[in-house]
Amino acid sequence: MKQHLSFKAFSKALGLLVLSVCWGCPADEPKVFHQVDFPPGFEFGTAIAQWQASGDYSPAGPVDSNWSQWAQMGNTHNGTLNPEGNGFYWKYESDVALAKGLGLKVFRIGVDWSRIEPEAGVYDEAELDHLADVVQSIYDAGMKPVLTLYHWTVPTWVQNPNPNSDTGAVDLMATTDRAVVDYFEGFVRQVIPRVKDWVDTYTVLNEPFSMISAGYIGGVFPPGKYLDFEAGTQFGINLLYMYARAYDVIKELDDGDADGDGANSFVGLTMTANAFYPEEPGNADEEFAVEQISYVFNDWIMIALTEGKLDVDLDRRYDNDQTSPPEGTDETLKGKLEFVGVQYYGPVMVDDVSWLVETPPLFGLPLLEVDEYNADLPHNGMKREISAAGFRDTLDIYAPYGVPMIITENGTTSNGPAQDTDEGQILGENQEAQAAMFLVEHLWEVGKAIEDGMDIRGYYQWTLADNFEWVEGHLQRFGAYRVDFEDPDYPRTETQLAGALRDVVTEMAVTESIWEKYVLDSYPTDQTETAGPTTSLNPVPTP
Ligand code: BGC
């Protein structure tokens with residue numbers, strides 16, 4: 001603390017802004033701020049997903065999905081159900097106006113397959129019309145709609161985690177016959193003609209690895225499988241082929257250049273993008289585990305969809321002909337990534353490598369920590385650390401693939417960790433100042449990365465208004481706007497993060513005054529002596 005203050009005094013004297021110490025920097029060297037500018041054409045946006053924002057609501061009656069079943073099975077905090085999300089279904093026009101009011105140019109939506117195709121081959125025309133209305137209203141407001149075709153919710157005939165349902169538990173997402181690829185194609189073929197006049201950019205899949213790990217390894221998302229590597233692997237392979245098929249269908253059916261850039265479509269997917277760190281730098285086992293887990297999270301999908309090289313057993317080789325499907329180069333996957341959506345929420349630390357070290361296919365899968373990477377860093381409501389430097393490290397992982405990047409999600413909670421009471425858990429304390437700081441620090445890293453030559457086309461903040469945060473229900477608030485879930489009209493209230501976003505978008509820069517307004521005022525100063533890499537700002541050069 002004392003040390004930090006003296007850094008501050010020192011650099012103020014130089015007319016510089018000082019932040020915190022950095023790992024790997026020579027001791028006692030302060031960091032300096034410089035303004036970063038976003039190039040003309042850089043697109044700021046927001047991102048939402050239909051189930052999180054509209055829940056099970058449909059005018060014709062509740063939509064049934066793998067996630068509505070999962071909630072009904074009691075798998076969310078406090079057993080909360082999601083009947084209406086945050087009311088987006090009927091509030092979409094005013095939400096589009098809120099996004100526009102922030103100066104945003106992009107509105108990304110994750111489509112809920114279950115509301116479009118409630119039974120195999122039976123399409124809900126009213127829901128298709130509704131989707132078209134939503135994307136048209138975004139377009140008419142002068143913004144670009146971006147569409148995700150798989151954001152974790154699927155119809156119960158595709159996946160139903162509930163063994164007590166009429167059909168029993170169903171999981172076509174993880175079968176080796178790849179039937180789900182054809183089913184997904186059927187759905188995509190219905191959606192594209194309805195949206196193509198307004199949509200050009202498609203983030204086909206949302207974070208495949210999140211669903212593999214939470215659905216089949218951790219067992220906390222549907223279908224709730226625990227350490228089921230075989231099914232998890234097949235699910236991942238199916239997602240790759242679903243992506244490739246959707247890519248082909250979009251290229252075939254989207255014949256309109258909605259954004260006037262000369263191309264009818266721009267197709268990619270979003271990744272659970274993460275830099276990993278060993279608890280003990282230099283420990284060979286941990287370093288190996290970091291490499292392996294980073295490959296599994298960040299690289300194997302990228303390699304499959306750029307080079308077509310398929311690694312089914314995740315051993316970083318492509319020569320096992322005993323896997324299903326056999327490994328090798330698959331032309332149907334190759335060259336299908338026009339951009340990658342990077343989604344970063346915080347650093348992850350490897351703190352134990354003994355677990356599963358001999359277990360195929362995830363050789364060396366370590367135990368991971370997201371909340372004890374560095375206890376001195378500020379934490380959010382999910383207990384995740386705030387490290388913008390980890391964001392830069394993550395961008396460094398994706399840049400070498402040579403495809404344009406879009407930050408399709410990045411965000412944090414405006415609340416602290418949930419508090420336990422006799423009546424169950426309640427929303428944690430208000431941390432909206434910290435959320436605003438998170439935004440500005442992370443945007444600074446994006447600007448710096450562009451300055452350093454990275455091809456980053458846009459930044460979409462997750463998310464516009466508080467919604468249903470998957471198993472966390474209403475206990476985590478990622479919205480730029482706070483939502484009152486007690487009021488049936490779900491009124492929105494602007495948070496400091498929305499103000500910070502508007503300021504950066506207006507300036508098309510993270511200026512010194514924005515940095516001072518949002519970062520220094522709220523940055524915890526008692527963590528600077530031992531803190532990890534909060535940002536990748538450069539140290540002041542030694543005179
Ligand atoms: C998901 C969002 C989710 C957010 C915050 C992302 O991985 O795509 O749906 O709400 O994380 O947890």
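This is a predicted model: local features need pLDDT of at least 70, side-chain atom pairs count only at pLDDT 80 or more; totals for chains, interfaces and linings use all residues.
**Exercise 1.** Work out how strand 8 and strand 12 pair, and which residue of strand 12 is the bridge partner of threonine 272.

*Solution.* Strand 8 covers residues 266–272 and strand 12 covers residues 339–344, and the two pair in the parallel sense over five bridges. Within this pairing, look at threonine 272, whose bridge partner in strand 12 is glutamine 343.

**Exercise 2.** Classify the aromatic pair of tryptophan 90 and tyrosine 490, and explain what parts the pair ties together.

*Solution.* The structure holds 31 aromatic pairs. In the one formed by tryptophan 90 and tyrosine 490, the ring centres are 6.2 Å apart and the planes stand at 40 degrees, and the pair is tilted. Next, place the residues: tryptophan 90 is in helix 4 (residues 88–101), whereas tyrosine 490 is in the loop between strand 19 (481–483) and strand 20 (492–494), so the pair ties together parts that are 400 residues apart in sequence. Finally, consider accessibility: tryptophan 90, at 37% relative accessibility, counts as partly exposed, while tyrosine 490, at 9%, counts as buried.

**Exercise 3.** Decide whether the rings of tyrosine 344 and phenylalanine 391 are stacked or edge-to-face, and whether each residue is buried or exposed.

*Solution.* The ring centres of tyrosine 344 and phenylalanine 391 lie 5.1 Å apart with the planes at 10 degrees, and because planes under 30 degrees apart count as stacked, this pair is stacked. Tyrosine 344 belongs to strand 12 and phenylalanine 391 to helix 11 (residues 388–398), so the pair ties together parts that are 47 residues apart in sequence. Tyrosine 344 has a relative accessible area of 0% and is buried; phenylalanine 391 is likewise buried, at 0%.

**Exercise 4.** Identify the residues that form one aromatic cluster with Trp51.

*Solution.* The cluster that contains Trp51 also includes Trp67, Trp152, Phe221, Phe468 and Trp470.

Conventions
Residues are numbered from 1 along each chain as its sequence is written. Side-chain values use heavy atoms; hydrogens and water are left out. Two strands pair if DSSP finds at least two bridges between them. Helices (H or I, at least four residues) and strands (E, at least two) are DSSP runs, numbered from the N terminus. Rings of Phe, Tyr and Trp (its six-membered ring) pair if their centres lie within 6.5 Å; planes under 30 degrees apart count as stacked, over 60 as edge-to-face and the rest as tilted. Buried means under 20% relative accessible area, exposed over 50%, partly exposed in between (1.4 Å probe, protein chains only).
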